[in-house]
Amino acid sequence: MGLLGWLRSSDYRYRAVTIILYLNDPEWNSGGNLRCFGEDDASSIDVNPTGGTLIIFDSSKIEHQVLPSLMDRYALTLWINEAVNTNHC
């Protein structure tokens, strides 16, 4: 399965929603795209981190990664977590 496969299949994450506002130049073209994978992992969509772009997605259902960047890239990120049951009765 490999590490990436294990991480994708495990329930270690409690993030329900990810919100990203990119703070880069509006003409950004230096990499650092956000790659969102389809359900089959064979398809993906890349989002260029141009300034002013706002991305909101269900982190529990959409696997994603940040691709390498040629320059420092800036983003404001907010994660909304699922409620975690801590009762172990």
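Which residue in β3 is the bridge partner of F37? Select F37 and look across to β3: the partner is S44.

**Before starting**

The model is a predicted one, in which local features need pLDDT of at least 70 and side-chain atom pairs count only at pLDDT 80 or more, while totals for chains, interfaces and linings use all residues. Residues are numbered from 1 along each chain as its sequence is written, and side-chain values use heavy atoms, with hydrogens and water left out.

**The whole chain**

Display the protein as a cartoon. It shows 1 helix and 6 strands; helices (H or I, at least four residues) and strands (E, at least two) are DSSP runs, numbered from the N terminus. Along the sequence, the elements follow the pattern α-β-β-β-β-β-β.

Next, switch to a surface display. The protein has an accessible surface of about 6,500 Å², and carbon and sulfur atoms account for 56% of it; such areas come from the Shrake-Rupley method with a 1.4 Å probe, and for residues only the protein chains shown count as cover. Of the 89 residues, 24% count as buried. Here, buried means under 20% relative accessible area, exposed over 50%, and partly exposed in between (1.4 Å probe, protein chains only).

Select β3, β2 and β5. These 3 strands form an open sheet in that order, with antiparallel pairing. The edge strands are β3 (44–47) and β5, each of which pairs on one side only. On average, neighbouring strands of this sheet are turned by 20 degrees against each other, direction ignored; the axes are lines fitted to C-alpha atoms (for helices over the stretch in contact), and angles run from 0 to 180 degrees between N-to-C directions.

Two strands count as paired if DSSP finds at least two bridges between them. Between β2 and β3, which run antiparallel, there are 4 bridges. Follow the chain through the hairpin of β2 and β3, where 6 residues lie between the strands, and stop at D41, which takes a positive phi near 65 degrees.

Now turn to the other side of β2. Its antiparallel pairing with β5 extends over 3 bridges. Select L34 to find V66 of β5 opposite, then R35 to find Q65 of β5 opposite.

**Second stop: N33**

Step to N33, in the loop between β1 (15–22) and β2 (34–37). Is this residue buried or exposed? N33 is buried, because its relative accessible area is 18%. Apart from neighbours within four places in sequence, N33 is in contact with D46, V47, N48, P49, Q65, V66 and L67.

Select β4, β1 and β6. They make up an open sheet of 3 strands in that order, with antiparallel pairing. Both β4 (54–58) and β6 stand at the edges with a single partner strand each, so one side of each is left without a neighbour in the sheet. From one strand to the next, the twist averages 10 degrees.

The antiparallel pairing of β1 and β6 runs over 7 bridges.

Move to I56 in strand β4. With a relative accessible area of 56%, I56 is exposed. The C-alpha atoms of I56 and T18 are separated by 5.7 Å, although the two residues are 38 residues apart along the chain. Beyond neighbours within four places in sequence, I56 is in contact with V17, T18 and I19.

Select T53, in the loop between β3 and β4. Which residues does T53 touch, not counting residues up to four places away in sequence? They are I20, L21, Y22, V47 and N48.

Finally, select Y74, in the loop between β5 (64–66) and β6 (75–81). Y74 is partly exposed, with a relative accessible area of 49%.

Definitions and conventions: Contact = heavy atoms within 4.5 Å.
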